[in-house]
Amino acid sequence: MNPGEELPSPPPPSTAEGVPSKVIHFRNISPDITQSDLVSIASPFGAVAQVVMLRSKNQALLQMQDISAAMGFIQYYSTMQGVSIRGRNVYVQFSSHQELTGNGVFRSTTRESEAPPNKILLVTIHNPVYPITVDVLHQVFGPVEKIVIFSKSAGLQALVQYPDVDSAIQARNALQFQNIYAGSCTLHIQFSNLEELTIHHNTEKTHDFLNPNLPTEPPQRDGNVVMSGSGVANVGAVSGVSGFQSFGMDPQFQQILGQQYMMGGQSGAGSDKSVLLVSNLNPQKITCDMLFNLFSNYGNIIRIKILHSKPDHSLIQMSDNVQSTTAMNYLKGLILFGKAMEINYSKHSYIANVSDQGDGADFNSKDFSNSPLNRFIRVDSKNYKHICAPSNLLHLSNLSPTVTSQSITEHFEPFGKIAGMKFFETNGKRQCLVQFYTVQAAAEALCSLHNSPIEGQRIRVSFSKNTL
């Protein structure tokens with residue numbers, strides 16, 4: 001869509017929109033929207049039974065466990081112009097199908113496409129904002145024999161071995177599509193077709209709970225585990241969920257443990273990855289303050305340094321490796337001033353020789369360790385629950401009570417045409433949602449305008465996962 005174009009109106013509803021069904025029809029799905037995104041949107045209304053992505057049609061079908069959950073979902077979003085997912089307006093309605101099957105145009109979602117029940121579970125962790133270690137999965141899955149964590153093309157995965165098949169079935173039914181932390185680390189669980197896991201070292205990625213005396217040397221890739229059997233099961237159907245508290249998921253576990261990780265209290269992956277190497281920046285546009293405004297959405301910033309020898313490269317030191325991982329997961333590939341950012345862990349464990357104000361001899365570096373603009377200084381900060389992927393919708397706070405839509409438009413429109421705007425109040429404080437036509441325009445506005453003055457007040461700008 002070009003900046004000058006208007007937002008598209010929703011396609012006309014199908015004749016099935018008024019006929020309740022357990023199956024919800026999603027339209028206008030972009031290629032980057034995943035099953036996990038749809039499950040995250042629908043799961044607050046009830047258990048999700050199945051998801052089928054119809055990529056060739058930019059559509060998807062999602063079946064709730066019962067019709068009342070589907071009705072609640074449709075009723076909630078019926079007053080909105082679609083659901084905003086990854087900055088895309090997605091339209092929802094009841095499907096004409098009452099239930100998904102393996103027939104016709106639908107991909108098979110029956111157990112025939114899966115490995116048979118087994119004592120070993122193959123777990124895929126979608127949207128892994130926080131580090132996933134053996135200790136974390138042990139708290140989630142309860143009394144298990146062995147755990148192996150690894151990365152494959154499907155993303156972050158784990159093999160969890162139970163003493164018997166019945167325990168594995170119970171865990172799968174209880175934990176399917178649950179979030180380890182609020183709004184992130186969603187579990188997609190299948191049965192593996194492996195017969196046994198053989199582990200040689202107990203580390204944060206591999207552990208044999210039957211043999212606590214194994215050596216603890218750090219793993220060399222996946223070399224500490226031998227997977228005995230015919231291989232890892234293919235991705236198959238997804239299943240419904242039921243109560244899962246018996247598997248170590250205390251009701252407050254998600255939020256509290258997530259905050260502890262964000263504040264560096266339980267950094268599972270070590271502190272040597274707190275520095276990010278960001279490359280493919282636009283050196284004519286980007287500054288240390290702009291990078292701070294962007295990356296501080298995902299954690300507290302200690303120091304930033306733009307490299308003199310490579311001005312399109314920057315080092316960004318965050319409070320701990322959890323926050324740096326969060327930032328990398330969300331921002332890698334974001335297009336900023338015409339360039340797609342590349343983000344990797346740096347070999348450096350900290351940034352040295354930084355000017356406090358960024359205006360000394362080393363003008364391309366700056367210390368933010370004492371900056372009041374860091375968003376996660378308080379352990380109980382509400383910003384934790386607002387962490388989200390970059391979107392075309394920005395949230396503005398700390399506004400003057402008299403600020404007008406014209407003032408907001410004049411301030412933000414140099415970065416792209418405004419698609420929509422909405423003022424509201426929270427606890428007596430005026431706030432605003434500003435929608436751009438593209439994520440790139442919103443990201444560039446956030447980088448440039450966070451902490452900028454409008455009518456005598458320095459505004460706060462962040463990405464929003466809400467909808468107008």
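Modeller: A residue is called buried under 20% relative accessible area, exposed over 50%, and partly exposed in between, using a 1.4 Å probe and protein chains only. The model is predicted: local features need pLDDT of at least 70, side-chain atom pairs count only at pLDDT 80 or more, and totals for chains, interfaces and linings use all residues. Residues are numbered from 1 along each chain as its sequence is written, and side-chain values use heavy atoms, with hydrogens and water left out.

Colleague: How many salt bridges does the structure hold?

Modeller: A salt bridge requires a side-chain nitrogen of Lys or Arg within 4 Å of a carboxyl oxygen of Asp or Glu. The number of salt bridges in the structure is five.

Colleague: What is the relative accessible area of Glu 99?

Modeller: Glu 99 forms a salt bridge with Lys 22, the closest N and O atoms lying 3.7 Å apart. The two residues are 77 residues apart and link distant parts of the chain, Lys 22 in the segment before strand 1 (23-27) and Glu 99 in the loop between strand 5 (88-94) and strand 6 (120-126). Strands (E, at least two residues) and helices (H or I, at least four) are DSSP runs numbered from the N terminus. Glu 99 is partly exposed, and its relative accessible area is 45%.

Colleague: Which residues are linked with Glu 196 in a network of salt bridges?

Modeller: Glu 196 forms a salt bridge with Lys 119 at 3.2 Å between the closest N and O atoms; Glu 196 is in strand 11 (residues 194-199) and Lys 119 in the loop between strand 5 and strand 6, so parts 77 residues apart in sequence are tied together. The side chain of Glu 196 also meets that of Lys 146 in a salt bridge of 2.9 Å, N to O, and Lys 146 belongs to strand 7 (residues 146-152), 50 residues away. Glu 196 is partly exposed at 26% relative accessibility, whereas Lys 119 is buried at 19% and Lys 146 is buried at 8%. The residues linked with Glu 196 in the network are Lys 119 and Lys 146.

Colleague: Which strands stand at the edges of the sheet, and why is one side of each left without a neighbour?

Modeller: Two strands pair if DSSP finds at least two bridges between them. Five strands form an open, antiparallel sheet in the order 2-3-1-5-4. Each edge strand has a single partner strand, so one side of each is left without a neighbour in the sheet; these are strand 2 (48-54) and strand 4 (83-85).

Colleague: Which residue is the bridge partner of Ser 84?

Modeller: Strand 4 and strand 5 pair in the antiparallel sense over three bridges. The partner of Ser 84 lies in strand 5 and is Asn 89.

Colleague: Which helix gives the largest share of the core?

Modeller: A nonpolar core is a set of buried Ala, Val, Leu, Ile, Met, Phe, Trp, Tyr and Cys residues joined through side-chain atoms within 4.5 Å. The largest one has 81 residues, and those with the most contacts inside it include Ile 132, Phe 141 and Phe 295. Its largest share, seven residues, comes from helix 9 (residues 439-449).
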